[in-house]
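Trainee: I am new to this model. Could you show me how to read it, feature by feature?

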Amino acid sequence: MVKLVHSPYPSGHRQSIVHNETNIRISIRDLNIWYASARAVKDVSLDIEKNKVTAIIGPSGCGKSTLIRAVNRMNDIIPGVKVKGEILLDGKNIYDEDIDVVTIRKMVGMVFQRSNPFPKSIFENVAYGLKINGFPGKKKLAERIEQSLKDAALWDEVKDRLGDSALDLSGGQQQRLCIARALAVEPEVVLFDEPCSALDPVATARIEELIQELKEKYTIVIVTHNMQQAARISDFCTFLMLGELIEFDKTDKIFTTPSKKVTEDYITGRFG
Amino acid sequence: MDIRKTKEFIGFGVLKSAAVIVLLALFAILYFVAARGIKVINWEFLTQMPRSGMTAGGILPAILGTFYLTICAICFALPLGVAAAIYLTEYAKQGRLVRIIRIGINNLAGVPSVVFGLFGLAVFVKFCGFGISILSGGLTLGILILPTIIRASEEALMVVPRSFREASLALGATKWQTISKVVLPNAVSGMLTGSILGIGRAAGETAPILFTAVTFYSARLPRSVFSEVQALPYHIYALMTEGTHPEAQIPIAYGAALVLVSLVLGIDLIAIIIRNRFRRRKKW
């Protein structure tokens, strides 16, 4: 059990029971987020380790989406949102004044709850992120798109029809296309905000398998309302309730011997 | 019969007859104008200058004048209206100021068109010194259709799903890249459709150009944006109220009316074609 108490500390110098300190990619420090006057995230601190899958679970409205969207500053686009606290990405606070939010979002990609391909061709969808960043050369572009689609386990299904509209793909394929699109800009961290909630079990299984493979290259944070999913795919697990971090630990520990009663009640399905 | 069914029957009957009456009114107008106007329409009518003090010849200057005025209005109002709509929906902080601007725009749409004519006279003709000209009339018409264009564009922008914007921003696009590459391409059909319908209306307006652009008769075709012009709506008005040979003038007026109505319907048709073409492509 770690970091529920917000003790005074020089950030980054706390000892961590859960983590190997050198592998930490993202440190969230005393994060508070308000929608107008409602506080959706309360004093949350946690560390996210490199090349691991960190899951955020909790009942609806517990602030898990708000929390994950804070990591690439997607909350910025919602009017009336106020953020206090720090999120250190490789030691640098992404909420600092001098930070360019565009750079942050390039480093921290995101896959959304509902697949949201652009109404363009499959090729153009993956190319979009590269083109806006001024990616040079047709040949290189095609190579990168192929690689991204392969990484997202979609290449074999679409390689003969890259010019077709992305909207003609199935729901699961669309979601994998969105993953390919996110991977194409070579982020370091990929955030998944309930990526399977609109998918059938078969498509869900494919995405879960894919996330397992992706952690070789990327740091992954996933929000899920599905506890079995968190248990299956994550290395670390955060349990959030009413905006507060209740427990954060290795997934094995959370699901076998949680240290809080309320965590146990939630994961055993007594509420939620 | 079941009382509920009777009610339903009556309800549908009322709705249906309302629709039929609207259609009938439209067709009655079209038939009325077409039946009287078609007699005078031939190639000469469309391509010749008027002759013998407006009692013979064609209406070419009026057709051209309306065309130029409309083009001038589009060139002025379309970019301005679209830009304003983009600013209001995408950039401006949604607060009291924007609400007040929106109310202002909506009220502008309700201002009688003759008031726009007076405004045009005061500002473009006199203050700016453009004189009675295509430019003055076009700008006045442009202001008249600005609210329509802004509202149509705002609506078109607002129906672009937020998920598209989020997807683009999350890939590291700037706000401007997101607007120009994702939002606008998906909004352009709605913007154009609404704007073109507004332009169709402007083409038929008389009052705004009355003091700003038109003349009863010009011996020459307009040579620059500072020329005064003949225009179809005003030409009809003039033929019906001035001159001393009504038996010769009235048929020409109906001919001009038919040309004007065809022009407006043609513009609307373009809007419908654009909308359908884009609608087939988009599935969200």
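**Reading the features one by one**

Mentor: The model is predicted. Start with Leu242(A). Leu242(A) has 14 other C-beta atoms within 10 Å, so it counts as partly exposed.

Trainee: Where in chain A is the place of Leu242(A)?

Mentor: Look in the loop between β9 (236–241) and β10 (244–250) of chain A. Check the backbone there too. Leu242(A) is not a glycine, yet its phi is positive, near 50°.

Trainee: Ala36(A) also has a positive phi. Is Ala36(A) buried or exposed?

Mentor: Count neighbours again. Ala36(A) is exposed, because 8 other C-beta atoms lie within 10 Å and the cut-off for exposed is 12 or fewer. Its phi is about 50°, although Ala36(A) is not a glycine. The residue sits in the loop between β1 (24–35) and β2 (38–49) of chain A.

Trainee: Now the two chains together. How many residues does each chain give to the contact?

Mentor: Read each side separately. Chain A supplies 21 residues and chain B supplies 18 residues. On the side of chain A that touches chain B, the elements giving two or more residues are α2 (101–107), β6 (108–111) and α3 (122–132) of chain A. By class, that side of chain A has 12 nonpolar, five polar and four charged residues.

Trainee: How many helices and strands does chain B have?

Mentor: List the elements, then read their order. Chain B has 11 helices and two strands. Along the sequence, the pattern is α-α-β-β-α-α-α-α-α-α-α-α-α.

Trainee: What share of the residues in chain B is buried?

Mentor: Of the 284 residues in chain B, 39% are buried. Look at sequence separation next. Among contacts in chain B with a separation of 6 or more, 77% join residues 24 or more positions apart.

Trainee: How do I read a helix pair, and at what angle do α6 (134–158) and α8 (175–203) of chain B pack?

Mentor: Take the angle, the distance and the handedness in turn. The angle between these two helices of chain B is about 150°, and their axes are 8 Å apart. An angle over 145 degrees counts as roughly antiparallel, so α6(B) is roughly antiparallel to α8(B). The crossing of α6(B) past α8(B) is right-handed.

Trainee: Which residues meet there, in α6(B) and α8(B)?

Mentor: From α6(B), they include Leu141(B), Ile145(B) and Ala152(B). From α8(B), they include Val183(B), Gly190(B) and Gly194(B). The contact of α6(B) with α8(B) has 12 nonpolar, six polar and two charged residues.

Trainee: Which residues have the most contacts inside the largest nonpolar core?

Mentor: The largest nonpolar core has 146 residues, and Leu69(B) and Ala256(B) have the most contacts inside it. The helix α6(B) gives the most to this core, with 13 residues. Leaving out residues up to four places away in sequence, Ala256(B) touches Ile59(B), Ala62(B), Leu232(B), His235(B) and Ile236(B).

Trainee: One last residue. Where does Phe216(B) lie?

Mentor: Phe216(B) is in the loop between α9 (207–210) and α10 (232–241) of chain B. It counts as partly exposed because it has 13 C-beta neighbours inside 10 Å. Beyond its neighbours within four places in sequence, Phe216(B) contacts Ala238(B) and Glu242(B). Phe216(B) and Glu242(B) are 26 residues apart along the chain, and their C-alpha atoms are separated by 9.3 Å.

Technical notes. Residues numbered from 1 in each chain as written. Chains lettered and ligands numbered in written order. Predicted model: local features only at pLDDT ≥ 70, side-chain atom pairs only at ≥ 80, totals over all residues. Contact = placed C-beta atoms within 7 Å. Helix = DSSP H or I, 4+ residues; strand = E, 2+ residues; numbered from the N terminus. Nonpolar A, V, L, I, M, F, W, Y, C, P; charged D, E, K, R; others polar. Axes fitted to C-alpha atoms, helices over the stretch in contact; angles between N-to-C directions. Parallel < 35°, antiparallel > 145°, perpendicular 65-115°, else oblique. Left-handed = near helix turned anticlockwise from the far one by under 90°. Core = buried A, V, L, I, M, F, W, Y, C linked by C-beta atoms within 7 Å. Buried ≥ 20, exposed ≤ 12 C-beta atoms within 10 Å, placed from the backbone.
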